[in-house]
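Please view the sequence and structure below before reading on.

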Amino acid sequence: MTDSFYLCSHTHWDREWYGSYQQFRMRLVRMLDELLDILGKDSGYRSFNLDGQTVVLEDYLEIRPEKEPVLKERIQEGLLLVGPWYILPDEFLVTGEATVRNLIFGARVGNRFGKVSNVGYLPDTFGHFSQMPQILRDWGIDTAILWRGLSGDGYTNELLWESPDGTRILLSHIPEEYGYITAALFVGSAPVTLRKELIERGLDPHHIISGEEAVNVLVEACRTVKQKAVTNCHILFNGVDHMTANPEIPNLIRKANQRLDGDILHATFDEYAGALHKAVDGKDLQVVTGDLRDTIWTEGGHGIVINGVLSSRIYLKQQNERCCTLLERWVEPFSVFSGLLGGSCDKAFIDKAWQWVLKNHPHDSIGGCSIDAVHRQMETRFEWAQDIGENLLEFVFTNILEKARVDGLSEGEYTFAVFNPCQERRSEWIRMEIEIPWSVAKETSAENYRGILITDMAGREQKSWLIDYEPAKPVNRPSLRTFATAFNRPVFTVSFWAEDVPACGYKLFKFRPLEKPNCVFGRLIPERNVLENDFIRAEIKANGAIRLKDKITELVYDNLHYFEDGGDNGGGYAYSFPKDDSVYTSLSSAADVAMTENSEARASYRVTLTLNLPESLDSSMQARSGPKRPLVIESIISLGAGSRRLDIETTLINTIKDHRLRVLFPTYLSADTSSGEAQFDVVDHPVKVKQPPLEVWKEDQPKQFAQKAFASITDGKKGLTVADLGLPEYEVTPDTERAVAVTLLRAVSRLSTGWKNTRISAAGPPIETPDAQMLGRKLAFNYSIIPHAGAWHESGVQKEAHAFAVGMRAFPVLYSSGPSGALPEEMSFLSVEGENVVLSSVKPCEDGEDYAVRIWNGSERDSQARLTLFAQPKEVFLSNLREERVQQLPASTYIDVPIGAKKIVTLRIGGLND
């Protein structure tokens, strides 16, 4: 059969990278101005693919608003292809919910212009997570095009990509030798033999090829792309990063077709995907599964996966995790609950916060591998999203608590609520600030309260400790209906064990300020430098490491929580160890240990360590040198009254250049794999990683792996899990320690380097990035140690890790309807039960009607979920990720849903029955 070559003109548009957003936007405007001019003049120029994104339309129209009508016309004509994404993300550094929001925003912007691509285009993402086929298929996309992450001589161009639940989509794998530039028509993109010839003639690799030489390149590209094909349907990419449209394409295609046994068609990705589906019909295609994170395993390949972005500029990863947690687990669910009660659910503000977060998710942005200006501007976007989210949450809490029934208060007693965003009723330690309502604050005369008494609404005393009292602290409460929102209020900072708070709900408590101290020392410190409750005993050793005993299983782990610091001559893209590295640990250090809290609610020690480290690398960048400087590391190690985990907050001010700092948790378990939570999945990773043969080596196969909430290791009988907040990179060391090693920071000097220790060449320009050294930046890291029996899916570890990540929040009852309030003193709006069933989101539906609830099962066992609602809904449907109604279910306060192994399930729930 005759071959068909679908030549897809495109540009790969990095919104920001080696230039700032505004610098790149000036290029974008020029590119689109020229493209629209071409599309308006030459009827032979049939199509241009705008990189699978829609955010570029917004960026362009802010400068050229008058061009909106012509943009709509060209998109509706099929000449300009946009979406389905809003931005092209780094898949491993964003949450699963952020990936769904990315598609939602992409559709929203694209539909405004009338037409959105239905191809999962992921050309330059640094690897691909396991559940992407299930996400795309549930969105209605049955074809993906990708490049990086899949390497090997045995792979063909056409494959089936399978999620762990068995969902499959058709995969067009871009030949790894060329990537998305197979017909870009510049010297560096030409097939190897032609490229060598052109360079020998003295042409710059970036020189644009024209005339007969361009025809030669097209013809040769067609011959080359067929080498690993199993069909007669092939794709050619006429474009590269930030490339403008080539007006000569129609003429070059005509000339090339005269020399080919086949046809080149100027096409969109969707036209190619439609033809490819027909071409593969009846063919037995290879199937690829799991995370696609292969580096180069073939001669001549270029698809490196650039694994070091997992730990570059760690503060950005932490800010992103805080914002996503705030929006996904707090703002959206409680806005829905507030809306169901007739209160506020301001979706426009929620969307704006998400928009700022998503604009930080392009792979070179959240990857931390751009110039300093890019990442400074990202921090502002994160701050805007955080501001919106926190203010929305205050309004929502106020709306809910206005309807609460508050009675039985005595003189001098006040009320606050504790909110729990988790799917189960639970108890948790919280540090909270609560104030006296304004209506009585002006009558408060005490200058110095010294104690606090907290009870439940029935008067039963709770575990608490007054940490601090400020009689006149400025408090900003935008939800208050008064002239000004910032007042001086009596504010109490309290350590509190919140007992038995309902799932996705709240519980009211009473407090009474005391003029006399009522400190009750707890029983969590039985002896010096020891923390102990009914579940855990933790001894802090002289070197600051921890000897931990799981009192339920009697298992003991020693030397947990020591620090390791080595050199790093990589850049934003890659960790690279110096050839003559000096690696230091805290195991030989002397720790300063001080008790900081000993209450009934929680006990804590502050452990201070000083590592004396070489200040930087030497001029060769292959050894650490210079005078030694102290790196002071302070950890607060805490145990809650009824907690099954040991929580740690570590802070430092970075004083060292060119280094990587990790915290290690030795397990000495006999295990060949570890498990890390991923986007809607928990993925197993090998402890010992096979590396490419030296003859094809261009980059190490990643030894560090991504995780979203926890990393876990087990020998089948016992296990240890480390949960964290925004620390996505971990490794289990292949030595006998089998230590879970979590990367805390990588301080580097350049956007990209090529020192040839973990990779052969630079991934981007070697621009100096002083901010990436993070000198003088204060960093805080939160993580938790969870010992357990068996594997993660047998022990409830996942829900414990999620509880650590989201915490609880306290909020004062500023207003209430008093004894006549409609809401009780405690309430669950939603609970989710089921083995290994995880509540992922509760959100307003995109169309403004109803709300969506998403759950998933990351285990390899089928499960059954039960959702319990606080009131009967009008209707319930099984839905897809587009939030479309798929199958109606009984409208009851109890919703029973089977959820298969590795499955994502979305429900669309409509309002409340009157």
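The sections below treat the basis of the model, its cavity and pocket, a helix, and selected backbone features.

## Basis of the model

The model is predicted: local features need pLDDT of at least 70, side-chain atom pairs count only at pLDDT 80 or more, and totals for chains, interfaces and linings use all residues. Residues are numbered from 1 along each chain as its sequence is written, and side-chain values use heavy atoms, with hydrogens and water left out.

## The largest cavity

The structure holds twelve cavities of 30 Å³ or more. A cavity is a set of points, on a 1 Å grid over the protein atoms alone, where a 1.4 Å probe fits but cannot get out; lining residues have an atom within 4 Å of a point. The largest cavity contains about 350 Å³ of space, a volume being the space filled by probe spheres set on the points, which are joined across faces, edges and corners. Its lining has 23 residues, of which T95, E328, R329, E677 and H802 are the closest to the centre.

Helix 10 (314-340) gives the largest share of this lining, with five residues. Among the other elements that each supply at least two are helix 4 (96-113) and strand 39 (837-844). Helices (H or I, at least four residues) and strands (E, at least two) are DSSP runs, numbered from the N terminus. The lining has ten nonpolar, six polar and seven charged residues; Ala, Val, Leu, Ile, Met, Phe, Trp, Tyr, Cys and Pro count as nonpolar, Asp, Glu, Lys and Arg as charged, and the others, Gly among them, as polar.

## The second largest pocket

A pocket is an open set with protein on both sides within 12 Å along at least five of seven lines. The second largest pocket has a volume of about 1,100 Å³. Of its 39 lining residues, Y180, I181, F186, V240 and D241 are the closest to the centre. The lining divides into 20 nonpolar, nine polar and ten charged residues.

## Helix 11

The buried residues of helix 11 include W354 and also the charged-class residues K347 and D351. Buried means under 20% relative accessible area, exposed over 50%, and partly exposed in between (1.4 Å probe, protein chains only). Helix 4, helix 10 and strand 39 are among the elements that cover these buried residues.

## Backbone features

The peptide bond from G83 to P84 is cis, with omega near 15°. N836, which is not a glycine, has a positive phi of about 60°, and is buried at a relative accessible area of 10%. D850, also not a glycine, has a positive phi of about 65°, and is partly exposed at 23% relative accessibility.

Terms used: Contact = heavy atoms within 4.5 Å.
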